[in-house]
Amino acid sequence: MVQAPDTGLAQETVKMAQPDSKKIFFENLSGAGKAIAVLTSGGDAQGMNAAVRAVVRMGLYVGAKVYFIHEGYQGMVDGGENIKEATWESVSSMLQVGGTVIGSARCKEFRSHEGRLKAAHNLVQHGITNLCVIGGDGSLTGANLFREEWSGLLTELVEQGSIEADAVQKYSALHIVGMVGSIDNDFCGTDMTIGTDSALHRIIEVVDAIMTTAQSHQRTFVLEVMGRHCGYLALVSALACGADWVLIPEMPPEDGWEDKMCQKLSANRAGMKRLNIIIVAEGAIDHKNKPITTDYVKDLVVKCLGFDTRVTILGHVQRGGTPSAFDRILASRMGVEAVLALLETTANTPACVVSLCGNQSVRLPLMECVQMTQEVQKAMDEKRFEEAVKLRGRSFENNLKTYKLLAHRKPESELPTSNFNVAVLNVGAPAAGMNAAVRSAVRVGISEGHKMFAVSDGFEGFYKGQIKEIKWADVGGWTGQGGSLLGTKRTLPAKYVDKIAEQMRENNINALLIIGGFEAFESLLQLCEARAAYEEFCIPMCMLPATISNNVPGTDLSIGADTALNAIVETCDRIKQSASGTKRRVFIIETMGGYCGYLASVGGLAAGADAAYIYEEPFDIRDLQANVEHLTEKMKTSIQRGLVLRNENCSENYTTDFIYQLYSEEGRGVFDSRKNVLGHMQQGGAPSPFDRNFGTKISAKAMQWITKKLVESFRKDEGRVFANTEDTCCLLGMRRRALVFQPVVQLKGDTDFVHRIPKEQWWLKLRPLMKILAKYKTSYDVSDSGQLEHVVRNRPRESDASVAM
């Protein structure tokens, strides 16, 4: 645990529901006497401000001095007013701002020895020996070179008489920690860089808008997205919108691609599709390293097919706008991790980057990551494209495989013939991303040679016989649709198990894929138990978690939760802005989630909330009073707005109205209060890029698992499938760094069925982080803090928890 020093922060008791596995007390990680500087360098990216805010507030929290370095390395070289001490209030209201408010600039002078000498002098003048650099591989490489030269630079400054001789000993080592801020996601060693998810949001917003006009006029649109040396944005946006064709620098198309692309576009139009979308990365090339431009692609389509074709170049729109919920949370977690890494570093610790692997923060040697990133470009320059894809990492490789699997249908003659029937259905409340998961399941199933069946309205439709075969073209355009196009109900199967068994027998269903929330989990348990009485359920069955509440045991994330978080964060931003320029105001916001506090807690972290009340962390009137007093103190400074989130079922007695009235009364004369109940707007809307891709990719993985289990459980002598072991009835979930198929019967012990939540929930460890950034004195469990690891070229296939993106 990191224990805060007594710095006048509001005291709050944290009643964590998780056991502490490793306790590191504040005395071991004190920042007292240390000076930390934070800068942003290179291209800007949404979420950089959230990272800066987290570094500043965590640094101040542990007792260190924290400095801004404005205008990146240029500001470090110029010194003066560019290096300023940061305060708690100086990072207020910047969480939701895009770009970087401390400025970023490319600096030629820092590349010279003289420039770095000036920078060293300016840092020593402020006593700064800890540097947090937010930027791309060039910025981080420069920081490492600066670190390696540091002692020599100080010696040189002493010889010049610029600093005292004892400064060499006092400031003997420069410690560097990097965070990767780049919308291109082109840095090896991390699954996601800060800004990438927000850039995908901008791209998908444009693509969704273009699709409506393209459909009206039966047009083809060629879109250029950023990515001079990395095709991640192009590839993932193509996966998220179901584009007809994508061109990226890592995998140039084979010779004759022009004819194949035109045949694909023509076939899609013949299949009653009224539009075509082609996505081109700005650095797209052919096998001869010749650039492929959007104009070339447009002219090709017009010449060969005569289609009405338009070009849209997104440009710097992708860099702009507010950061997504994902980027705010990622940047906040990485910023705190960066400060912890600086506190733990020694003179022998190599410069590191804090990054994301699956759902866990890790620390990696900076130069190992830079060297691997450079190897990718070298492989591309030498036309070793398959190697370049592998070097990008398992996430990139899986994205490419999944896109090929879903976008390009094999001819009937090339498809395997399995003669297996697989049914897919949605159960429980609708969640954004469900349709993407169904589309993926149907198309992967057909590619595996299965006959796919869609069940309407969950198990209610199942027992009524609402089952029909679903074809490849039937799910076209489903990726970007919100809700559940199949229809979904909360009905559980136990009551109608005999009728469901009859329908399975009549339709010869050999495997089942259930997509849904807690009801889907309960349904699968009931079907598993029914195997003893009904052989029809002795088949492979798999469940994908899809619920905005994120309350399904066995997984850290659920399809739909990211979209709901973005809806909450966007609404909170607007609500807070409504108080701009008015008197001091506190907003009480009620979120959904049942008894699960995920949306309130993680939404609170992303929106910069002062408090979030949840069922998992019991609170009483004393806690409410402490929160009111804390906000009152903050309002007496420059803080003008407060934000409090409340989970809908956090307390039977402390209702939203009660909390609103309490805050209104106790804050009288200092601030006034307003309340908002967000309701079902959290459940609606188009799915976020994260949910589209998470749903698409875990569904594809589930179908491949189903195929494997069907083959293993097929009894040739009886001519039927028979599977009644625990490992043939599984939930596919993301656990830390791994995607894991877990038998549902083994998850029963991990579940609180009364309150419909898992007994242990990883995100509870983020709650102290939210409180620290809101200026509470609390304890922070660092048992999961990243330890220095090494870059792994090829992770085991099962460890690709990065399927989400």
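How many disulfides does the structure hold? In this predicted model, the number of disulfides is zero. Two cysteines illustrate the point. A disulfide requires a pair of cysteine sulfur atoms within 2.5 Å. The cysteine sulfur closest to that of Cys262 belongs to Cys304 and lies 4.1 Å away, which is too far for a bond. Cys729 is likewise in no disulfide, since the nearest cysteine sulfur, in Cys528, is 3.9 Å away. Both residues lie in the interior: Cys262 is buried, with a relative accessible area of 6%, and Cys729 is buried, with a relative accessible area of 1%.

The discussion now turns to the nonpolar residues. In soluble globular proteins, nonpolar side chains tend to be buried together. Here, the largest nonpolar core has 190 residues, and Met179 and Leu513 have the most contacts inside it. Helix α10, which spans residues 325-344, supplies the largest share of this core, with 13 residues. Beyond its neighbours within four places in sequence, Met179 is in contact with several residues, including Ala51, Val55, Cys132, Ile194, Met334, Ala338 and Val354. Another core, of 51 residues, lies apart from the largest one; among its members are Leu39, Tyr73, Ala119 and Leu131.

Ile706 belongs to helix α22, which covers residues 689-713, and it counts as buried because its relative accessibility is 0%. When residues up to four places away in sequence are not counted, Ile706 touches Val422, Ala511, Leu512, Leu513 and Cys542. Ile706 and Met541 are 165 residues apart along the chain, yet their C-alpha atoms are separated by 7.5 Å.

Notes
Residues are numbered from 1 along each chain as its sequence is written. This is a predicted model: local features need pLDDT of at least 70, side-chain atom pairs count only at pLDDT 80 or more; totals for chains, interfaces and linings use all residues. Side-chain values use heavy atoms; hydrogens and water are left out. Buried means under 20% relative accessible area, exposed over 50%, partly exposed in between (1.4 Å probe, protein chains only). Helices (H or I, at least four residues) and strands (E, at least two) are DSSP runs, numbered from the N terminus. Contact means heavy atoms within 4.5 Å. A nonpolar core is a set of buried Ala, Val, Leu, Ile, Met, Phe, Trp, Tyr and Cys residues joined through side-chain atoms within 4.5 Å.
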